[in-house]
Amino acid sequence: MLVYVYAADLLCEDCGKKCREELTAEGKAPEDPDDEVSYDSDDFPKGPTEEGSSDSPSHCSDCGCFLETELTDVGVDELLSDCERAMRGDREANDVLLQWVDHYEGNDSRVSLSALANTGLTIAEILHEVARLDGEVKRLSAEVEHLQAKLRDS
Ligand SMILES: [Zn+2]
């Protein structure tokens with residue numbers, strides 16, 4: 001994905017364009033926005049440009065969208081370790097992690113189940129975590145039923 005660099009942060013293409021328009025409307029645009037050596041990215045967003053590879057997935061600093069960053073080997077190792085911890089139950093498999101995995105598993109051959117197996121994760125660990133979550137779901141639905149019954153009686 002193409003990005004803009006602004007104030008030591010990354011912006012997605014839409015936010016970068018919007019930010020440039022706002023600064024231009026405020027009269028804060030450089031004389032020639034295409035001449036990127038003539039101004040500092042702290043003052044006006046530079047881009048759009050390829051982000052290049054990074055040690056961690058980036059998100060737009062304005063809207064928060066995932067920028068589909070290309071990962072370095074370090075970045076891939078960290079992502080795999082995050083997945084491994086989530087499957088062991090040591091980390092939350094939150095929306096952000098799911099978004100990354102959804103993207104990288106299909107677009108980066110280094111992110112795969114067999115690579116994850118190389119981290120030492122065992123089938124038993126995955127199944128124990130699934131069983132734990134299963135138990136949690138049963139416990140919560142029993143609680144919901146109990147509360148619904150209470151509401152009906154009141
Ligand atoms: Zn954005």
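Predicted model: local features only at pLDDT ≥ 70, side-chain atom pairs only at ≥ 80, totals over all residues.
Student: Which residues of α2 are called buried, and why?
Tutor: They are G75, L79, L80, C83 and M87. The label means that 20 or more other C-beta atoms lie within 10 Å of a residue's own.

Student: How do you know where these buried residues sit around the axis of α2?
Tutor: Looking down the axis, they fall within an arc of 135 degrees, so they line one face of α2. Here is some background: an α-helix has 3.6 residues a turn, so residues three or four places apart point the same way.

Student: What do the buried residues of α2 pack against?
Tutor: They pack against β4 and β5, and also against the helices α3 (95–107), α4 (113–117) and α5 (123–153).

Student: Why is α5 said to lie largely in the open?
Tutor: A buried residue would need 20 or more C-beta neighbours within 10 Å. Of the 31 residues of α5, the number that are buried is zero, so α5 lies largely in the open.

Student: Now to α1. How do you know whether its span is that of a helix?
Tutor: The same test works here: the 13 residues of α1 (residues 13–25) should span 18 Å, and the end C-alpha atoms are 18 Å apart, so the two values agree.

Student: Which residues of α1 are buried, and where do they lie around the axis?
Tutor: C15, G16 and R20 are the buried ones. They cover an arc of only 135 degrees, which puts them on the same side of α1. On the other side, E21, E22 and A25 are exposed. What covers the buried residues of α1 includes β1, β2 and β3. Just after α1, G27 takes a positive phi of about 75 degrees.

Student: Why is R20 called buried?
Tutor: The cut-off is 20 or more C-beta neighbours within 10 Å. R20, in helix α1, has 20 of them, so R20 counts as buried. Leaving out residues up to four places away in sequence, R20 touches P33, F44 and P45.

Student: What makes β1 and β2 a hairpin?
Tutor: The two strands run antiparallel and are joined by four bridges, with two residues between them.

Student: Why is A7 called partly exposed?
Tutor: Exposed means 12 or fewer neighbours, and buried means 20 or more. A7 has 13 C-beta neighbours inside 10 Å, so A7 falls in between and counts as partly exposed.

Student: Why does E68 get the label partly exposed?
Tutor: E68 has 16 C-beta neighbours inside 10 Å, so the count lands between those cut-offs. E68 is found in the loop between β4 (53–54) and β5 (70–71), with a positive phi of about 55 degrees although it is not a glycine.

Student: How do you know which form the peptide bond from G47 to P48 takes?
Tutor: Its omega is near -5 degrees, and the bond is cis. P48 is in strand β3 (residues 46–50).

Student: How do you know how the whole chain compares with a compact globule?
Tutor: A compact globule of 154 residues would have a radius of gyration near 15 Å, but this chain has 23 Å. Its C-alpha atoms fill a box of roughly 70 × 50 × 20 Å along the principal axes, and 16% of the residues count as buried.

Conventions
Residues numbered from 1 in each chain as written. Arc of directions from axis to C-beta. Contact = placed C-beta atoms within 7 Å. Rg over C-alpha atoms; globule rule 2.2 N^0.38 Å. Pairing = 2+ DSSP bridges. Expected span 1.5 Å × (residues − 1).
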